[in-house]
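Reader: I have not looked at this one before. Can you take me through it?

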Amino acid sequence: MANGSQKSLLIQLGIGVVVVLIFAFWDQAGSAIYGMLIGLANVLMLTTTFRIANKRSETDPKIGMLVLYMSAVIRFVLLAALFIIGLALFKFEALPVVITFIAMTIGQIFNLAGKRRLTD
């Protein structure tokens with residue numbers, strides 16, 4: 001894993017653990033852990049896609065952009081499915097799942113500090 005993806009993953013993981021610990025006070029750690037797993041899946045898919053898009057854009061920039069757009073669609077559908085599975089099938093509480101995922105997603109801002117473009 002590249003240094004940037006490790007940093008992003010560590011930031012996301014740290015934020016996720018903090019939110020899980022907060023929800024543990026209300027006996028909702030299981031739901032928050034599921035939200036953290038969704039957030040980690042999101043960041044892993046994102047970093048993998050950026051790596052693929054960067055490699056493909058060396059030969060054809062349009063293909064690199066296509067990879068990013070297709071990834072956005074796939075991530076949207078997959079994350080929606082994971083939320084539905086967690087909330088409907090596993091009966092997790094909605095608030096801890098969603099709050100943990102949102103906190104981790106907002107944490108991605110820290111990874112973007114000082115970058116000129118998203119794929120740096």
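Reader: Okay, to start: what is the mean pLDDT of the protein chain?

Author: This is a predicted model. The protein chain has a mean pLDDT of 88, and 87% of its residues reach 70 or more.

Reader: And where in the chain is confidence lowest, and where is it highest?

Author: The lowest is α1, with a mean of 85. The highest is α3, at 95.

Reader: What should I do where pLDDT is low?

Author: Where pLDDT is low, the predicted coordinates should not be read in detail.

Reader: Switching to aromatics. How many aromatic pairs does the structure hold?

Author: It holds five aromatic pairs. One of them is formed by Tyr34 and Phe90, with 6.2 Å centre to centre and 75 degrees between the planes, which makes the pair edge-to-face.

Reader: Which parts does that pair tie together?

Author: Tyr34 belongs to helix α2 and Phe90 to the loop between α3 and α4, so the pair links parts that are 56 residues apart in sequence.

Reader: Is Tyr34 buried or exposed?

Author: Tyr34 counts as buried, because its relative accessibility is 11% and the cut-off for buried is under 20%. Phe90 counts as partly exposed, at 47%.

Reader: Now the backbone. Which residue other than glycine has a positive phi near 60 degrees?

Author: Lys91 has that value. Lys91 sits in the loop between α3, residues 61–89, and α4, residues 94–112. Its relative accessible area is 63%, so Lys91 is exposed.

Reader: What about Asp27, what is its phi?

Author: The phi of Asp27 is positive, about 55 degrees, although Asp27 is not a glycine.

Reader: Where does Asp27 lie, and is it buried or exposed?

Author: Asp27 lies in the loop between α1 and α2, the latter being residues 29–57. With a relative accessible area of 74%, Asp27 is exposed.

Reader: Last topic, the surface. Which residues make the nonpolar patch?

Author: Leu10, Leu13, Val17 and Leu21 make the patch, which covers about 360 Å².

Reader: Take Val17. Which helix is it in?

Author: Val17 is in helix α1, residues 3–24.

Technical notes. Residues numbered from 1 in each chain as written. Predicted model: local features only at pLDDT ≥ 70, side-chain atom pairs only at ≥ 80, totals over all residues. Heavy atoms only, no water. Patch = residues over 30% accessible without salt bridge, like charges linked within 9 Å, V, L, I, M, F, W, Y side chains within 5 Å. Areas by Shrake-Rupley, 256 points an atom, 1.4 Å probe, with all protein chains shown as cover. Salt bridge = Lys/Arg side-chain N within 4 Å of Asp/Glu carboxyl O. Helix = DSSP H or I, 4+ residues; strand = E, 2+ residues; numbered from the N terminus. Buried < 20%, exposed > 50% of the residue type's maximum accessible area, 1.4 Å probe, protein only. pLDDT = per-residue confidence, 0-100. Phe/Tyr/Trp six-rings, centres within 6.5 Å; stacked < 30°, edge-to-face > 60°.
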